[in-house]
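Visitor: I would like to learn how to read a protein model. Could you walk me through it?

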Amino acid sequence: MRLPSSAVEHGAARVAVLGAGSWGTTFAKVLADGGADVLIWARRREVAHEITETHRNSGYLPGINLPPNLRGHDSLEHVLAGAEQVYLSVPSQSLRSNLASIRDILPPEVPVVSLMKGVERGTGLRMSEVIEQELGIDRDRIAAVSGPNLALEIAKREPTAAVVASASHETAVAVATVASNDYFRSFVNTDVIGTEFGGVLKNLIAVAVGIADGVGYGENTKASIITRGLVELSAFAVAFGARPETMIGLAGLGDLIATCESPLSRNNTAGRLLGQGYGFEQVIAQMNQTAEGLASVGPILELAATRGVSMPIVAQVARVLEGTLDPRELAPHLATDSDEPQPE
């Protein structure tokens, strides 16, 4: 595996980012602000042109200036040519089809980094598992990034941290070295399962908090959902092999707080619209960007059932999405499997 060259170590890496939405563009900016030479793939030519010529992506990051060492292109071949690291930021449910498009043009031996937070419908696979399966590459080449990372705040250079997880510590360090700058610090771990599931599950709890907010419930309700939600996501992740300490780190508790509390969170926004009485299709129509939590509710509950993990808050979100539960009935005191007092 081609890791890390002196160019990477000194911040002059040639990096490809696939996906020019808000998060893909923001992370490309993080990489460029760290000194990397970044090419970002945009499906639409006009978006790629705007990024290159005006250093803006006004459709997704209005008012944000992009660095000159970040350029866009609509050709996958052009973006991937010579890349030393490849970052993926496409909707989780279209990841497999996007991977099929790059399988034969991916530079050999380079790290492939997931910036996505979801599980695949139908298979229940995490994004790193889809990457490994579809590209046929060794898992030591794959990394995942997660943490309290609201795109617009980072694009404005507000300080934050993230974690880079890989089965290979060497790969995690190589990616974290490039994905760090004076306002964005990347830590490392080798718990890919916990890091990825933390990023997925906090979205579901954020939808629940958004629903409570949309209904008009106050801080007690939302704090209770967040706290009990942490219990749910921790139990689920550990049942699938995650380390408990990961769930109280950046990819677990850190991401949970940011996503549940901020109006910048797409999943919180989707939940708030549901709480205000909008139906699922109406919420999708109003949102300019993907709220991964909505697509992950079903697959996560299916996975939970295979390990006997109880997830009452997520189950309530599923019922709201189905239209079988009034949003006003979603509350933490209802989110138990029994009327008997339960241990915390």
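Guide: Let us go from the overall fold down to a single residue. Keep in mind that this is a predicted model.

Visitor: Happy to. How many helices and strands does the chain have?

Guide: The chain's secondary structure amounts to 15 helices and eight strands.

Visitor: What does the radius of gyration say about the chain?

Guide: The idea is to compare the value with that of a compact globule. For 344 residues such a globule would have a radius of gyration near 20 Å, and the chain, at 19 Å, agrees with that. The C-alpha trace spans about 60 × 40 × 35 Å along its principal axes.

Visitor: What share of the residues is buried?

Guide: Of the 344 residues in the chain, 56% are buried. As for the surface, the accessible area is about 14100 Å², and carbon and sulfur atoms account for 50% of it.

Visitor: And how do I read the contacts in the chain?

Guide: Look at how far apart the partners sit in sequence. Taking contacts between residues at least 6 apart, 71% join residues at least 24 apart.

Visitor: How far apart are the mean positions of the positive and negative charges?

Guide: They are 4 Å apart, for 27 positive and 39 negative charges.

Visitor: Which positions does UniProt list under "binding site"?

Guide: The unreviewed UniProt entry gives S22, W23, R43, R44, Y60, K117, A151, R266 and E292.

Methods: Residues numbered from 1 in each chain as written. Predicted model: local features only at pLDDT ≥ 70, side-chain atom pairs only at ≥ 80, totals over all residues. Heavy atoms only, no water. Helix = DSSP H or I, 4+ residues; strand = E, 2+ residues; numbered from the N terminus. Rg over C-alpha atoms; globule rule 2.2 N^0.38 Å. Buried < 20%, exposed > 50% of the residue type's maximum accessible area, 1.4 Å probe, protein only. Contact = heavy atoms within 4.5 Å. Areas by Shrake-Rupley, 256 points an atom, 1.4 Å probe, with all protein chains shown as cover. Lys, Arg positive; Asp, Glu negative; His and termini not counted. Charge placed at Lys NZ, Arg CZ, Asp CG, Glu CD. UniProt positions renumbered as here; feature names shortened; annotations may be inferred.
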